[in-house]
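This report describes how one protein chain is put together, for a reader who is new to such structures. Please keep the sequence and the 3D view at hand while reading.

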Amino acid sequence: MHPFYSSRWPRFLQVSRMVLVVSMMLPIFQLPAHAQGKERPVKHLTFYRTIQVDGLSIFYRGAGPIDAPTLLLLHGLPSSSRMFEPLFSRLSDRYHLGAPDYPGFGHSDWPDPKKFAYTFDHLAEIMNDFTEALGLSRCTFYMQDYGGPVGFRMALAHPDRIEGLIVQDAVAHNEGLGAIGKTRRAFWADRSANESASYQPAVAADDADAPCRERSQRRALCPGSLDR
């Protein structure tokens, strides 16, 4: 088992007792009766900003009253904060929403992978610094796909900041990977010896330590093609 899971699992169990997982999705996404049949205009329009975090320009979308419960929306792959636009249009009058683009995604900076570690640990560290920069001291995480391994690490680092977890199609496990995970396990055990064998573009999206590598390489070849 990967050291992340074996060494931090007991602590994760402690964190999980503090949070509401998945079941929170039902009350949050149950629309008022008058909004179920027809879309209504929202009072709090979405705004688009950038903020400097750890020397990087991080793009984010925000909306909603600042004194309302806060939802931090962590996107998946291949995507960006844009995937949450439908939620913004439905929830911004009742929740304080924030949705950042990770480094290497959307409209945030795309640092050179030779100089920047595109790992879940590093992305989680930057996202924690992002929440600090915005003063988000307590919030519920909505984690989709890659938002899971990013958000779980954020929760482990600062469990006191978490009000709840909403998990959509995200992973945090080692079992069940099958034969396709053989090279990944070898990579986890000894990165330098298994770097080339572990990088196979067909399955690069589940590489536990390089979530943005293929996208960054494609970005270098086709600038602007992955901004949406």
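## A strand, a helix and a strand

In this predicted model, β3, helix α4 (residues 85–91) and β4 form a right-handed β-α-β unit. Strands β3 and β4 (residues 96–100) run parallel and are joined by 3 bridges. One of the residues involved is T70, whose bridge partner in β4 is H96.

Strand β3 also pairs with β5 in the parallel sense, over 4 bridges. Here L74 stands opposite M143 of β5.

## The setting of β3

Leaving aside residues up to four places away, L72 touches G98, P100, F130, T131, L136, C139, T140, F141, Y142 and M154.

In soluble globular proteins, nonpolar side chains tend to be buried together. The largest nonpolar core in this model has 29 residues, and the members that touch the most others are I58, L72, M127, F130, F141, V150 and M154. At least two residues of this core come from each of β1 (47–53), β2 (56–63), β3 (70–74), α5 (120–134), β5 (139–144), α6 (147–157) and β6 (162–168). The greatest share is that of α5, with 6 residues. Another core lies apart from this one; its 12 residues include F84, L87, F88 and Y95.

Helix α6 is mostly covered, with 10 of its 11 residues buried. Among them are V150, F152, R153 and M154.

## Salt bridges

Side chains of opposite charge can pair when their charged atoms come close. The model contains 3 salt bridges. In one of them, R61 pairs with E85, with the closest N and O atoms 3.1 Å apart. Because R61 lies in strand β2 and E85 in helix α4, this pair ties together parts that are 24 residues apart in sequence. R61 counts as buried at 6% relative accessibility, whereas E85, at 38%, counts as partly exposed.

D121 forms a salt bridge with R153, and their closest N and O atoms are 2.7 Å apart. D121 belongs to helix α5 and R153 to helix α6, so the pair connects parts that are 32 residues apart in sequence. D121 is partly exposed, with a relative accessible area of 40%, but R153 counts as buried at 10%.

Terms used. Residues are numbered from 1 along each chain as its sequence is written. This is a predicted model: local features need pLDDT of at least 70, side-chain atom pairs count only at pLDDT 80 or more; totals for chains, interfaces and linings use all residues. Side-chain values use heavy atoms; hydrogens and water are left out. A nonpolar core is a set of buried Ala, Val, Leu, Ile, Met, Phe, Trp, Tyr and Cys residues joined through side-chain atoms within 4.5 Å. Buried means under 20% relative accessible area, exposed over 50%, partly exposed in between (1.4 Å probe, protein chains only). Contact means heavy atoms within 4.5 Å. Two strands pair if DSSP finds at least two bridges between them. A crossover is right-handed if, with the strands pointing away from the viewer, the path from the first strand over the helix to the second runs clockwise. A salt bridge is a side-chain nitrogen of Lys or Arg within 4 Å of a carboxyl oxygen of Asp or Glu.
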